[in-house]
Amino acid sequence: MVFHSPQFLFFFLALLAPYYVFKKGRLAILAIANLIFYGYAGIGPTSIFLLVTMISFITVKLLRKPRLAWVFWVGVAVNLLNLAFFKYTFFFLNTWQAVTGLPLGVRADLAHSIILPAGISFYTFQLISYIIDVRRGTMEPPKTLLHFWVYISLFPQLVAGPILRGNELMPQLYEIERKRVRWQEIKYGMYLAFIGVIKKVVLADTLAQVADRLFAHADTLSPIDAWTAAFAFGYQIYYDFSAYSDMALGLGYILGVKLIINFDSPYISGNPGEFWRRWHISLSRWIKDYIYISLGGNRRGWWRTQFNLFAAMVISGLWHGAMWTFVIWGAVHGLLLIFHKWTLYLNRWRFIAAVRSAMLYRIAAVFVFFHITMWTWVFFRAPSFHSAVAMTRNMLHVDWGAFYASPQMIWIAGLFLLHLFEYVIRHAERISGIVWHLFPAPFRGAVYAALALVVIYFMKGETYAFIYFQF
């Protein structure tokens, strides 16, 4: 059930009346709504989700009892095995047969028949983080199974995040029955949800047509077409995923629940570290706090720090998909992060530090890293490693003058300006809101109506599922 479908609209509107009227029953209403929402995916995935949630709940409840510390490993193992079975079985079988040449005796059609449950990567990480936080003592076990179920299955962020920690959502759930949802929150939530719909239907789905057409011929693309494909997909995945995040954030506000921002205009980043502080923020910090730091972080010497950083990014790549192209994508970003950290040692010279603090350097850094980021998306989207290498080889031979003079540069530059505009509006929402309301109400109403008609027009065409639903 996708957010921009008629089914979801009916589901959400039917939820709101009892949710607002029966404040004392909000937790139970959310629990049922979450079950209905996820149950739309089928009885099998829902049963598995409920079982894993129950095991995780028992784990955190027993974790602090004397001589039961070992249940921590049981809880983590159950979640990891659940994820590994559904997401990586076919990947492991293919890799084993490619390396050894020995078949495992498992029929290929059986491996292909394993269907990835919706949101499994996200709820697995969220469950594991809660178990780890309880073990570390930074989070208390949940009061009831009902609270825990609503925490892990909250439908606005269930399928594609953001990945929420217990101390971000659980306190809100404890107060949800006393929460007064203000009209300002509802309006702001509607605004965010509508922005998300525009991003998804008008921008992401339109760009998907361009990206799909070009990547279907990845091996034979000209240098200019290869770069065009990379830019098309780079913008597509941003507007697609940030659209979901905006809708999730907006739906949360309407329900009186505050989620975290998952994207902060990542394409204006001037280096890899900044990019990962702006892109998929909840996953980036999860990888840092529960993998990088767990491996030792920067506490075990210089070489171990580089290894930990590289390993964390490789795992991040593998989390995104069960293909070697995703692993390589993560490895490339790991190498970029390591190289950037090395260059920071140059800041010891005042001249270099002064140059790097200049606005002109900032503009150049954003320009260069923007192109590097777009190239890395080739490994994320290409149908195979061979295709990604072929595209990369062609991209190296591009005539930049011809590319920047090509017609597609108009929409590529236009989308970047829109990305920059989004950053300005998001970081000056109060001021932009005041300016917007200086216009007369009829004018604002006409703009809203025009945008709604644009969305309706684009929804007539082919619709695409959110990209991150497959992860």
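**Working through an all-helix model**

Trainee: Which residues does Asn-79 touch, leaving aside those up to four places away in sequence?

Mentor: Asn-79 touches Val-52, Ser-56, Thr-124, Leu-127, Ile-128 and Ile-131, where contact means heavy atoms within 4.5 Å. Keep in mind that this is a predicted model, in which local features need pLDDT of at least 70 and side-chain atom pairs count only at pLDDT 80 or more, while totals for chains, interfaces and linings use all residues. Residues are numbered from 1 along each chain as its sequence is written, and side-chain values use heavy atoms, with hydrogens and water left out.

Trainee: Where does Asn-79 sit, and is it buried or exposed?

Mentor: Asn-79 is in helix H4, helices being DSSP runs of H or I with at least four residues and strands runs of E with at least two, numbered from the N terminus. Asn-79 counts as buried because its relative accessible area is 0%; buried means under 20%, exposed over 50%, and partly exposed in between, with a 1.4 Å probe and protein chains only.

Trainee: What does its side chain make a polar contact with?

Mentor: The side chain of Asn-79 makes a polar contact with the side chain of Ser-56 at 3.1 Å. The term covers a pair of N or O atoms within 3.5 Å; within protein, one must be able to donate a hydrogen and the other to accept it, and residues adjacent in sequence count only if both atoms are side-chain atoms.

Trainee: Switching to charges, how many salt bridges are there in the whole structure?

Mentor: A search of the whole structure finds 15 salt bridges, each being a side-chain nitrogen of Lys or Arg within 4 Å of a carboxyl oxygen of Asp or Glu. One of them joins Glu-140 and Arg-64, whose closest N and O atoms are 3.1 Å apart. That pair links distant parts of the chain, 76 residues apart, with Glu-140 in the loop between helix H6 (120-136) and helix H7 (145-153) and Arg-64 in the loop between helix H3 (43-62) and helix H4 (71-100).

Trainee: What about Arg-165 and Asp-289?

Mentor: Their side chains meet in a salt bridge with an N to O distance of 2.0 Å. This pair also links distant parts of the chain, 124 residues apart, from the loop between helix H8 (155-158) and helix H9 (166-174), where Arg-165 lies, to Asp-289 in helix H13 (residues 281-292). Arg-165 and Asp-289 are both buried.

Trainee: And which residue does Arg-362 pair with?

Mentor: Arg-362 forms a salt bridge with Glu-274, the closest N and O atoms being 2.8 Å apart. The two are 88 residues apart, Arg-362 in helix H17 (residues 359-381) and Glu-274 in helix H12 (residues 272-278). Arg-362 is partly exposed because its relative accessible area is 30%, whereas Glu-274, at 9%, is buried.

Trainee: Last topic: what does the protein look like overall?

Mentor: The protein has 22 helices and 0 strands. For 471 residues a compact globule would have a radius of gyration near 23 Å, and the protein's 23 Å agrees with that; the radius is taken over C-alpha atoms, and the globule rule is 2.2 Å times the number of residues to the power 0.38. The C-alpha trace spans about 70 × 65 × 55 Å along its principal axes, and 49% of the 471 residues count as buried. Among contacts with a separation of 6 or more, 76% are between residues 24 or more positions apart.
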